[in-house]
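Open the model in your viewer and keep the selection tool at hand.

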Amino acid sequence: MGQDSILHSINPSTPLILASGSQSRKIMLEDAGINFDIITSDVDEDFIKKQISELPFEDQVIKLAAAKAIKVSNDNPESIVIGGDQMCILDNTIFDKPGSIERAVSNLKKLSGTTHHQYSGICLYKDGKPLWEYAEVVQMNMHDLSEKEIINYVKMENPIHAAGAYKFESLGCNLFSSVNGSSYTIRGMPLMALLKKLRELDIINLENIV
């Protein structure tokens, strides 16, 4: 929590809470200079995923983001809670966080040479009620990778907690020939859309820099 590494930050008019343990989302908000706290939610994502599996992927990521935000928002009614979720999809198959080196290698072998998509959902909740929900999708065109490239990459970055088994913000961008969409969305949060909405709601602006 906090912005110890940032010299200047924006104080929101209403306290902000990020309801996510994602290091990537945390870094994006910190880099944007936003003052916020982190409270992770312990919702049963697997149970929710089973309930919403028939919905379009854009709706699924919003539902998952909202589930995290609602729980934290109910416990912190005076704050605005940011919920986020991400899905990597190839041919209607969800590539979850691999969780192991072996599965990361296996996932990248399947994604190699393909066009797949990263879906990212974001929402804002206040006192348990939705203020805003939004989703973006990015088309990802991956190089036809050799087995040695995949193994070397996984050994270097250990992307076992990354949707799709790659970290686009660092070495993982070298896996791709092109992408169609925002790098923020690939990293797990449509940051520009979020900042725009926070500004429209008069929660942040550059008049409140400390």
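Predicted model: local features only at pLDDT ≥ 70, side-chain atom pairs only at ≥ 80, totals over all residues.

**Stop 1: the whole chain.** Colour by secondary structure. Now trace the elements from the N terminus: the order is β-α-β-α-α-β-β-α-β-β-α-β-α-α. The radius of gyration is 17 Å, close to the 17 Å from the globule rule for 210 residues, so the chain is as compact as a globular protein of that length.

**Stop 2: contacts and surface.** Of the contacts with a separation of 6 or more, 70% join residues 24 or more positions apart. Next, colour by burial: 48% of the 210 residues are buried. Then show the accessible surface. Its area is about 10,600 Å², and carbon and sulfur atoms contribute 48% of that.

**Stop 3: charges.** Select the charged side chains. There are 20 positive and 28 negative charges in the chain. How far apart are their mean positions? The distance is 3 Å.

Stop 4: Select the aromatic side chains. The whole structure holds four aromatic pairs. Zoom in on phenylalanine 57 and tyrosine 119, a tilted pair with 5.6 Å centre to centre and 50 degrees between the planes. Phenylalanine 57 sits in helix α3 (residues 57-75) and tyrosine 119 in strand β5 (residues 115-126), so this pair ties together parts 62 residues apart in sequence.

**Stop 5: an edge-to-face pair.** Move on to tyrosine 166 and phenylalanine 176. Their rings pair edge-to-face, 4.9 Å centre to centre with 70 degrees between the planes. Tyrosine 166 lies in the loop between α5 (147-157) and β7 (176-180), while phenylalanine 176 belongs to strand β7. The two are ten residues apart, and the pair links distant parts of the chain. Check the burial here as well. Tyrosine 166 is buried, with a relative accessible area of 4%. Phenylalanine 176 is buried at 8%.

**Stop 6: the cluster.** Which residues make up the aromatic cluster here? Tyr166, Phe168 and Phe176 form one cluster.

Conventions
Residues numbered from 1 in each chain as written. Heavy atoms only, no water. Helix = DSSP H or I, 4+ residues; strand = E, 2+ residues; numbered from the N terminus. Rg over C-alpha atoms; globule rule 2.2 N^0.38 Å. Buried < 20%, exposed > 50% of the residue type's maximum accessible area, 1.4 Å probe, protein only. Contact = heavy atoms within 4.5 Å. Areas by Shrake-Rupley, 256 points an atom, 1.4 Å probe, with all protein chains shown as cover. Lys, Arg positive; Asp, Glu negative; His and termini not counted. Charge placed at Lys NZ, Arg CZ, Asp CG, Glu CD. Phe/Tyr/Trp six-rings, centres within 6.5 Å; stacked < 30°, edge-to-face > 60°.
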